[in-house]
Amino acid sequence: MENIVIEKIKIDDIEKLQRIAKKTFFETFSPYNSAENMEKYLNEKFSEEKLLSELKNKDSEFFFAIYLGDVVGYLKVNSGDAQTELQDKNSLEVERIYVLKDYHGQKVGQILYDKALEIAQNKNLQYVWLGVWEENHRAVQFYKKNGFVEFDKHIFKFGDEEQTDLMMRKDLFQ
């Protein structure tokens, strides 16, 4: 898709970030989860306070995908101690790539992923990793297409449910 601009998210973008984070998460997961679990997760994980603390973390970076002035997706990557699990100084975690449903299949996710890869390469990191819900087949296929392989699994608590995330990684230097 032409005309996608990637823009680093700043503290004063918090309202836009909260809006796109809640909307894309809801679009992606609400068909598969209870309304109670969705509401609880959205209110806790995407509260202004929580997002501000993530934005202020020196080892986390956020980027918007902007199309014709509108935010259509976003990326969050973590390095160092900000990584949610591995915390390997030689790796970058892609914690979130979310795109509005209306823009699925239009390469927005690929552009955001390419930005994550560029960050990892500029930092001379050895690999990129992430966790993805095993039932999110679209995302699993996307990461496999981009060279990721499964290396482990973990349990993700979503409200009163336990869900399995696939842990996937891509080595950058063979």
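Two strands count as paired if DSSP finds at least two bridges between them. Keep that cut-off in mind for what follows. The model is a predicted one.

Strand β2 covers residues 60-67 and strand β3 covers residues 70-79. They run antiparallel, and 8 bridges join them. Within this pairing, F62 stands opposite K76 of β3.

Now widen the view to the sheet. It is open and has 7 strands. Their order reads β1-β2-β3-β4-β5-β7-β6, and the pairing is mixed. At the edges sit β1 (4-8) and β6 (149-158), each of which pairs on one side only. From one strand to the next, the twist averages 25°.

Helices pack on this sheet. Helix α1 touches β2, β3, β4 (91-99), β5 (127-133) and β6. The direction of α1 makes about 90° with that of β3. Helix α3 also packs on the sheet, where it touches β2, β3 and β4. Its direction makes about 105° with that of β2.

Next, how do the helices meet each other? Start with α1, residues 14-29, and α2. Their axes lie 11 Å apart, and the packing angle is about 155°. An angle over 145° counts as roughly antiparallel, and α1 and α2 are therefore roughly antiparallel to each other. Their crossing is right-handed. On the α1 side, the contact uses K22, F25, F26 and F29. On the α2 side, it uses M38, Y41, L42 and N43. By class, the residues of this contact are 6 nonpolar, 1 polar and 1 charged.

The contact of α1 with α3 has another geometry to read. Here the axes are 10 Å apart and the angle is about 110°. Angles of 65 to 115 degrees count as roughly perpendicular, so α1 is roughly perpendicular to α3. The crossing of α1 past α3 is right-handed. From α1 come I14, L17 and Q18. They meet E48, L51, L52 and L55 of α3. The residues of this contact divide into 5 nonpolar, 1 polar and 1 charged.

Finish at the loop between α2 and α3. Where does S47 sit? S47 lies in the loop that runs between α2 (35-45) and α3 (48-56). A polar atom of the S47 side chain lies 3.1 Å from the backbone nitrogen of K50. Which residues does S47 contact, leaving aside its neighbours within four places in sequence? They are Q18 and L42. Both names have come up before. Q18 is one of the α1 residues that meet α3. L42 is one of the α2 residues that meet α1.

Conventions:
Residues are numbered from 1 along each chain as its sequence is written. This is a predicted model: local features need pLDDT of at least 70, side-chain atom pairs count only at pLDDT 80 or more; totals for chains, interfaces and linings use all residues. Side-chain values use heavy atoms; hydrogens and water are left out. Helices (H or I, at least four residues) and strands (E, at least two) are DSSP runs, numbered from the N terminus. A polar contact is a pair of N or O atoms within 3.5 Å; within protein, one must be able to donate a hydrogen and the other to accept it, and residues adjacent in sequence count only if both atoms are side-chain atoms. Contact means heavy atoms within 4.5 Å. Axes are lines fitted to C-alpha atoms, for helices over the stretch in contact, and angles run from 0 to 180 degrees between N-to-C directions. Angles under 35 degrees count as roughly parallel, over 145 as roughly antiparallel, 65 to 115 as roughly perpendicular and the rest as oblique. A crossing is left-handed if the near helix is turned anticlockwise from the far one by less than a right angle, and right-handed if clockwise. Ala, Val, Leu, Ile, Met, Phe, Trp, Tyr, Cys and Pro count as nonpolar, Asp, Glu, Lys and Arg as charged, and the others, Gly among them, as polar.
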